[in-house]
Amino acid sequence: MKKALITGITGQDGSYLAELLLEKGYEVHGLKRRASSFNTQRLDHLSDGPDELTSRLKIHYGDLSDASNLIRLVKEIEPDEIYNLAAQSHVAVSFEVPEYTADVDALGTLRLLEAIRILGLEHKTRFYQAATSELYGLVQETPQTEQTPFYPRSPYAVAKLYAYWMTVNYRESYGIYACNGILFNHESPRRGGTFVTRKITRTLARIAHGLETCLCLGNMDALRDWGHAKDYVRMQWMMLQQEVADDFVIATGKQISVRDFVVLAARAIGVELEFTGKGVSETGTVVSVDQSKAPMVNVGDVLIRVDPKYFRPAEVETLLGDPSKARSKLNWKPQITVDVMCAEMVASDVAEAKRDALLRKHGFVAANPVE
Ligand code: NDP
Ligand code: GDR
């Protein structure tokens, strides 16, 4: 039975990857950091599965900032595969906590690679690094491929650049089977609530059911290549099953703006919007509404505003990936389009909003708003 260690197992990708590897018969070990509140919500459904499956999932306390803990765990588990998904993954937050972001996202990766080397597992343990399209930052060519030069634009991206090159360096220096997946943005109903897509689907669902009144966003012109996390974790696994380790761009090859995503999500909720104004004075006003789907929305309501507090010190304006190498070498193609993904996210957030609205109606406090 193959053994995998997933750092970041409590996150969006970690939870989908754990499901995939359990289905494939792996023994799955996950790294979870200690928190003062529960942080395993994305995994809890797995403990309700058949005993044969749940007994193969083992969670360990640990942290990417703690080298001795990582070495001990890698020694105990001797994994065939390590998926390094843990990170301070929020680009805007990285401007607030640049040193912490570097410690976890850059040095954390080095600590894991060193654990493999120190323990003499160079020819046993395969390593996947969660690299990112943020490496391209101020883009030098469009679409971006594995050959496009990097120009990171945030402390997050600079830390991930270090991790990218360390992964390449340990492959070339010590013969470790180590790969970078250069993943473009990918989302799902399990996406963290402060990333823009989930903030949009969740807030619009809450507006439709009277729990909030307005969605405030930052740069609505930003263009992204959005895929579905389920498609992307499949590719993470595929990358570690090749004969020779290599780096791959994972993307859909299509891009839309944040504003376009708002339009898609609003439509799925039963609302048509019209955008007027520019920059900070841009607003999105309701021009038609299906009140069977959005009972608390009226024509003329202003649902979208821009709040400069969401602008970043340096922005990545446009990202568009070229996944040709993944298609030709690994036969990988994304199966879920952005429209289908958006509809899935909306459906999940509408169900949650309906439940919260019911709780509020009966005098219970509803869940926290998204920042
Ligand atoms: P999430 O933010 O959903 O998950 C991040 C995970 O890292 C969580 O499990 C979190 O734990 C854990 N973590 C954070 N800090 C530490 C630490 N110091 N030690 C141990 N664990 C830690 O991210 P995603 O699942 O979306 O992304 C997975 C990886 O892929 C990340 O590295 C991200 O940077 C990268 N990536 C993501 C893309 C995307 O669009 N989703 C695109 C390209 C790259 P906790 O639950 O306790 O917070
Ligand atoms: P990103 O994702 O920075 O691309 O990083 P995010 O969803 O945070 O932002 C995408 C774009 O939307 C703009 N934006 C807003 N963003 C947020 N979070 N909140 C807002 O209110 C808002 N308004 C507009 C942003 O400025 C940006 O241009 C994600 C993360 O998952 C990283 O870990 C990963 O490496 C990259 O994707 C690829």
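This is a predicted model: local features need pLDDT of at least 70, side-chain atom pairs count only at pLDDT 80 or more; totals for chains, interfaces and linings use all residues.
**Exercise 1.** Describe how helix α3 (residues 67-77) and helix α5 (residues 98-118) cross.

*Solution.* Residues are numbered from 1 along each chain as its sequence is written, and chains are lettered from A and ligands numbered from 1 in the order in which they are written.

Step 1: find the elements. Helices (H or I, at least four residues) and strands (E, at least two) are DSSP runs, numbered from the N terminus.

Step 2: look at the axes. Those of α3 and α5 come within 9 Å and cross at roughly 45°. Axes here are lines fitted to C-alpha atoms, for helices over the stretch in contact, and angles run from 0 to 180 degrees between N-to-C directions.

Step 3: name the arrangement. Angles under 35 degrees count as roughly parallel, over 145 as roughly antiparallel, 65 to 115 as roughly perpendicular and the rest as oblique. Helices α3 and α5 are therefore oblique to each other.

Step 4: find the hand. The crossing of α3 past α5 is right-handed; a crossing is right-handed if the near helix is turned clockwise from the far one by less than a right angle, and left-handed if anticlockwise.

Step 5: list the contact. From α3 come Ala 67, Leu 70, Ile 71 and Val 74, and they meet Arg 111, Leu 112, Ala 115, Ile 116 and Ile 118 of α5. Two residues are in contact if their C-beta atoms, placed from the backbone, lie within 7 Å.

Step 6: sort these residues. Eight are nonpolar, none is polar and one is charged. Ala, Val, Leu, Ile, Met, Phe, Trp, Tyr, Cys and Pro count as nonpolar, Asp, Glu, Lys and Arg as charged, and the others, Gly among them, as polar.

**Exercise 2.** At what angle do α5 and helix α6 (residues 155-174) pack?

*Solution.* Step 1: the angle is about 10°, with the axes 8 Å apart. That makes α5 roughly parallel to α6.

Step 1: the hand of this crossing is right-handed.

Step 2: pick out the contact. Among its residues are Pro 98, Leu 110 and Arg 117 of α5, and Tyr 156, Met 166 and Tyr 174 of α6. The contact as a whole divides into 13 nonpolar, three polar and three charged residues.

**Exercise 3.** Which helices pack on the seven-stranded sheet, and what is the strand order?

*Solution.* Step 1: walk across the open sheet. You pass β3-β2-β1-β4-β5-β6-β11, and the pairing is parallel. Two strands pair if DSSP finds at least two bridges between them.

Step 1: find the edges. These are β3 (57-61) and β11 (248-250), each pairing on one side only. From one strand to the next, the twist averages 20°.

Step 2: zoom in on one pair. Strand β1 (residues 3-7) joins β4 (residues 81-84) over four bridges in the parallel sense, and Ile 6 stands opposite Tyr 83 of β4.

Step 3: Helix α1 (residues 12-23) touches β1, β2 (27-32), β3 and β4, and makes about 165° with the direction of β2. Helix α8 (residues 229-239) lies across β4, β5 (126-132), β6 (178-183) and β11, at about 160° to β6.

**Exercise 4.** Take the four-stranded sheet: which strands are at its edges, and which helix lies across β8, β13, β14 and β15?

*Solution.* Step 1: this open sheet has the order β8-β15-β14-β13, with mixed pairing. Its edges are β8 and β13 (271-276), and the twist averages 25° from strand to strand.

Step 1: Three bridges join β8 (residues 215-217) to β15 (residues 302-306) in parallel, with Leu 217 opposite Val 306. Three bridges also join β14 (residues 283-289) to β15, but antiparallel; here Thr 283 has Arg 305 as its bridge partner.

Step 2: the helix is α9, which runs at about 150° to β13.

Step 3: follow α9 (residues 258-269) to its helix partner. It packs with α11 (residues 338-361) at about 55°, the axes being 9 Å apart. That makes α9 oblique to α11. Their crossing is right-handed. The contact includes Phe 261 and Leu 264 of α9 and Asp 339 and Val 346 of α11. Nine of the contact residues are nonpolar, none is polar and one is charged.
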